[in-house]
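Open the model in your viewer and keep the sequence panel beside it. This tour goes from the whole chain to single residues, one selection at a time.

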Amino acid sequence: MYVKLSRVAQGCPPTVKSYWSKILLHINAWLNYVDYVLCHFIQITCKPKCCSLFYLDINECETIQQACQGEMKCFNHYGGYLCLPRSASVITAPEPSSQSEPSVPVESNEAFNPCPVGYRAQGDTCVDIDECELDMHDCQPSQECINTVGTYTCQCPDGYSKIGIECVDIDECRYRYCQHRCVNVPGSFSCECEPGFQLAGNNRSCVDVNECEMGAPCQQRCYNSYGTFLCRCDQGYDLGPDGFSCNDIDECSYSSFLCQFQCVNEPGRFSCVCPEGYELLGTRLCQDVNECETGTHQCGTGQVCVNIHGGHQCVNSNRCQDPFVQVSENRCICPVVKPECRDLPFSIVHRYMSITSERSVPSDIFQIQATSVYPGAYNSFRIRSGDENDEFYIRQINNISAMLVLARAVTGPKEYVLDLEMVSVSPLINYQTSSVLRLSVYVGPHAF
C-alpha cells in the first residue's frame, strides 16, 4: 500500500480541480491508481503543499499467496494490485521519486499510458484496443478471437466446446436430437431416416414416405403402410418371389372339373369352351345346339331334320320300303293283300332318339306303348333286330307297355337301328299279328 493524497489543499487554483475531474472522466477505473496519476500531473503546476508525500509500494502479488484465482494473473501497481486475464498486457508508468520533494520534472518522451489495460490514449480520451485486429491475442488456431471493451475473448465455433485451451467437437448425437439415426460431423450433425421414411421440415423428425405415389415397383396393386409398402395382385394372379411382379395362375391345371368340356387359361382368368354342336350354358356347362329349331341345318326338300347330341341328321321323310307303303308321317304298313307281307310285321313306325356317351348302366332309355289292343289279346315285346352285341334288352312293364334298357355303356359317336317288335296273340279268334317300332338311337360323342 501507499499513502494516498491526504486531501487537496485549499490553496490550489480552480484549474487544478477542473483538470482533476477531467482526468477522472477519461480513466473510468481504478480509483487507487487515480491518486498516482493526479499527483504525477499536478507536480507540474501545483504548489508543493497540494500533494502528500509518497511511500514505498508493497508488491501484493508476491506477499499474498494466490492473490488471483483460476485463469487470472496478478499485476502489481502502486497502492494495490489487479487480477487480469493471463492474456492481458500492462504498460507500466515510471515509478515516482522516493524523495520528499513532490515536484518531479517529467520528460517529454516518458512511456506512460494514463488509460486502463486494453485502452490507449487518443487525445483527451481512452479508446479500446482491438487485440484481435492487431494480433495481440493468444487464441488457439481452432478458436475465434472476439474483441470486447477493454479486452478480448477466445470463443469456439458453433458445434465445439472449450475444454482447457482447445476446442473439441460436440457430439450432438448423444442428446438424441434425431428421431431415427444421427450422424455426427465436425462442428455439426445430420439426421437420417430409415428406409421408407424421409426427413420432415424440422430436419430431425421422420415422416412416412408413400412409395405408391412415388413409383413403387408393384406390377399391379400397391398398398402403402407405415415405413414400407405392399404389392398385391389382381384375382387370377400370384405374387412373384421378388414381391413385386404378378404371375398368372393356371386355374386349368388345378382341376379337370372346372369345365364340362375344356378349360382355356387366360391372363388372370380362365374360360370354358364347348365342342362343335354345343353352346355354353352359364360359364362351365355345355348344352346341345338344336340345329333343327335354330334353322342352321342343311336338310333339303323331302328330308326331315332330326336333332342329336352335338349335331343333327337329315332323314328322308318317306322311309317306307316295298312292300310297305306310307300311310302317315313315319308310319308304314304292309297290306295283307300282298303275299309277301305274310311273314312281315303289319306296320313299322319310325322313331329317333339320342343319348350321351358313357351313360351309367343299366339305364332306361325308351318306353314302348301299344296304340291299339285287341280284346283278349296277349302282347309280348322283343328286340327283333339291331342288337347283335347284346347292348340292350326289353323289360316288359304290363300287357301294353315295355321299357328299352341300355345294358352296357356305349361310347359315341355311334348309331343303332333297333326294331322293337310287339307281338299280339288272341286265342279267342285265333289271331296273331305284330308291329315294329324302328328306333334309331344316336350316341353322342360326349358325356353331356
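Helices (H or I, at least four residues) and strands (E, at least two) are DSSP runs, numbered from the N terminus. Colour by them. The protein chain has four helices and 31 strands. This is a predicted model, in which local features need pLDDT of at least 70, side-chain atom pairs count only at pLDDT 80 or more, and totals for chains, interfaces and linings use all residues. Residues are numbered from 1 along each chain as its sequence is written, and side-chain values use heavy atoms, with hydrogens and water left out.

**The whole chain**

Show the surface. The accessible surface comes to about 27,700 Å², by the Shrake-Rupley method with a 1.4 Å probe; for residues, only the protein chains shown count as cover. Carbon and sulfur atoms hold 51% of that surface. Of the 448 residues, 34% are buried. Buried means under 20% relative accessible area, exposed over 50%, partly exposed in between (1.4 Å probe, protein chains only).

**The annotated spans**

Residues 169-207 are 0% helix and 41% strand, with end C-alpha atoms 29 Å apart. Residues 248-287 are 0% helix and 45% strand, and their end C-alpha atoms also lie 29 Å apart.

Now pick Asp-135. It sits in the loop between strand S4 (125-128) and strand S5 (144-148). Most residues other than glycine have a negative phi, and most peptide bonds are trans. Asp-135 is exposed, with a relative accessible area of 57%.

**The largest core**

Which residues have the most contacts inside the largest nonpolar core? Select Ile-355, Ile-365, Phe-366, Leu-404, Leu-420 and Leu-439. The core has 21 residues. A nonpolar core is a set of buried Ala, Val, Leu, Ile, Met, Phe, Trp, Tyr and Cys residues joined through side-chain atoms within 4.5 Å. The elements giving two or more residues to this core are strands S25 (347-355), S26 (363-369), S28 (392-396), S29 (401-406), S30 (414-426) and S31 (431-443).

Apart from it lies another core, of seven residues, including Phe-324, Cys-334, Cys-341 and Ile-348.

Go back to Leu-439. Leaving out residues up to four places away in sequence, Leu-439 touches Phe-366, Leu-404 and Leu-420, among others. Contact means heavy atoms within 4.5 Å.

**The second largest pocket**

Select Ser-347, Thr-371, Ser-372, Met-422 and Ser-435. Of the 24 lining residues, these are the closest to the centre of the second largest pocket. S31 gives the most to its lining, with six residues.

**Loops worth a stop**

Zoom to Pro-323, in the loop between strand S22 (311-316) and strand S23 (325-328). A cis peptide bond joins Asp-322 and Pro-323, with omega about 15 degrees.

Move on to Pro-413, in the loop between S29 and S30. Gly-412 and Pro-413 are joined by a cis peptide bond, with omega about 5 degrees.

Finish at Glu-358, in the loop between S25 and S26. Glu-358 has a positive phi of about 55 degrees, although it is not a glycine. Is Glu-358 buried or exposed? At 59% relative accessibility, Glu-358 counts as exposed.

Conventions:
1 Å grid on protein atoms, 1.4 Å probe; cavity = no way out; pocket = protein on both sides within 12 Å on 5 of 7 lines; lining within 4 Å.
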